[in-house]
Amino acid sequence: MSKNTVKAADIRVKTDKELETRVSELRKEQFNLRFQKATGQLANTARVNKVRKELAKILTVMGDRLRGGVKTAAKNKK
């Protein structure tokens with residue numbers, strides 16, 4: 001795996017507000033990447049998958065929190 005991947009444990013320690021901000025940034029980047037791909041200007045095609053996967057990880061953690069399955073790094077180290 002690439003060194004630039006985001007780990008779920010790193011996501012879990014962030015606040016809800018930080019996660020919402022990051023989701024917004026990733027959605028904007030995803031939108032821009034789609035346009036670049038459509039116009040043939042996309043140089044780094046792997047970035048599309050990285051953005052999609054990071055967005056999925058964040059949304060998964062946010063969903064877990066909403067359902068009450070909050071798992072923080074501190075609780076996992078028992």
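1. Among the contacts in the protein between residues at least 6 apart in sequence, 72% join residues at least 24 apart, where contact means heavy atoms within 4.5 Å. This is a predicted model, in which local features need pLDDT of at least 70 and side-chain atom pairs count only at pLDDT 80 or more, while totals for chains, interfaces and linings use all residues. Residues are numbered from 1 along each chain as its sequence is written, and side-chain values use heavy atoms, with hydrogens and water left out.

2. The protein has 4 helices and 0 strands, and its pattern along the sequence reads α-α-α-α. Helices (H or I, at least four residues) and strands (E, at least two) are DSSP runs numbered from the N terminus. Of the 78 residues in the protein, 17% are buried; buried means under 20% relative accessible area, exposed over 50%, and partly exposed in between, with a 1.4 Å probe and protein chains only.

3. How do helix 2 and helix 3 pack, and at what angle? Helix 2 (residues 16-39) and helix 3 (residues 46-66) meet at about 150°, with their axes 10 Å apart. Axes are lines fitted to C-alpha atoms, for helices over the stretch in contact, and angles run from 0 to 180 degrees between N-to-C directions.

4. The contact draws on D16, L19, E20, R22, V23, L26, R27, E29, Q30 and L33 of helix 2, and on R47, V48, V51, R52, E54, L55, I58, L59, V61, M62 and R65 of helix 3. By class, it has 11 nonpolar, 1 polar and 9 charged residues. Ala, Val, Leu, Ile, Met, Phe, Trp, Tyr, Cys and Pro count as nonpolar, Asp, Glu, Lys and Arg as charged, and the others, Gly among them, as polar.

5. Which residues make up the largest nonpolar core? It consists of 10 residues: I11, L19, V23, L26, L33, L42, V51, L55, I58 and V61. Such a core is a set of buried Ala, Val, Leu, Ile, Met, Phe, Trp, Tyr and Cys residues joined through side-chain atoms within 4.5 Å. Helix 2 and helix 3 each supply at least two residues of this core. In soluble globular proteins, nonpolar side chains tend to be buried together.

6. L26, in helix 2, is buried, with a relative accessible area of 0%. Not counting residues up to four places away in sequence, L26 touches V51, E54, L55 and I58. The C-alpha atoms of L26 and R52 are 8.1 Å apart, although the two residues are separated by 26 residues along the chain.

7. E54, in helix 3, is likewise buried, at 11% relative accessible area. Leaving aside neighbours within four places in sequence, E54 is in contact with V6, R22 and L26. With residues up to four places away not counted, V61 touches I11, R12 and L19.

8. The C-alpha atoms of T15 and M62, 47 residues apart along the chain, are separated by 9.8 Å.
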